[in-house]
Amino acid sequence: MIKRELLSHFTFADGVLIFLIILIIIISALIIYKNGHETEWAVIKFEDNTETISLEKDQIYELDNGMVIEVKGGKIRVKDSDCPQKICVKHGWLKFANDVIVCLPNETIIYLKKKSDLDYITR
């Protein structure tokens, strides 16, 4: 079919319907994103060590590998690092479960644990 023939069958109501469907999809995605799974614990793995730290208390950790980790307001981030590109520092704050920061030069992984292995409970 030619493009003009397709557009000739397209009505104003079709356009409104497509617009409403796209709007509903965007609103649903925003609601799901805002209601992400928050967590209370972070896990830091470095040099064959594993530390679990609470996100409830604001504090700063200095690791032996040259990284400075900051916990503030239920979030965690790499505040400073001695790695060359500082990608881990540029990553920003972690807030939701399963978020991860990886620093390859320092062989460090920081991730947030889920409160539970269950995602949803149905009745």
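**Basis.** I am working with a predicted model, in which local features need pLDDT of at least 70, side-chain atom pairs count only at pLDDT 80 or more, and totals for chains, interfaces and linings use all residues. Residues are numbered from 1 along each chain as its sequence is written, and side-chain values use heavy atoms, with hydrogens and water left out.

**Patch.** I looked up the nonpolar surface patch formed by F12, V16, F19, L20, L23, I27 and I31, which together have about 700 Å² of accessible area. Such a patch joins nonpolar side chains (Val, Leu, Ile, Met, Phe, Trp, Tyr) within 5 Å, from residues with over 30% relative accessible area and no salt bridge, and the areas come from the Shrake-Rupley method with a 1.4 Å probe. I found I27 in helix 2, residues 12–34, helices being DSSP runs (H or I) of at least four residues and strands (E) of at least two. I27 counts as partly exposed because its relative accessibility is 43%, where buried means under 20%, exposed over 50%, and partly exposed in between.

**Salt bridge.** I noted 1 salt bridge in the structure, the term requiring a side-chain nitrogen of Lys or Arg within 4 Å of a carboxyl oxygen of Asp or Glu. E70 pairs with R77, and their closest N and O atoms are 2.6 Å apart. E70 is buried at 9% relative accessible area, whereas R77 is partly exposed at 25%.

**Loop.** I placed L104 in the loop between strand 6 (100–103) and strand 7 (108–112), and with 67% relative accessibility L104 counts as exposed. From L104 to I87 I noted 9.5 Å, C-alpha to C-alpha, across 17 residues in sequence.

How values were computed:
Patches are made of residues with over 30% relative accessible area and no salt bridge: like charges are joined within 9 Å, nonpolar side chains (Val, Leu, Ile, Met, Phe, Trp, Tyr) within 5 Å. Buried means under 20% relative accessible area, exposed over 50%, partly exposed in between (1.4 Å probe, protein chains only).
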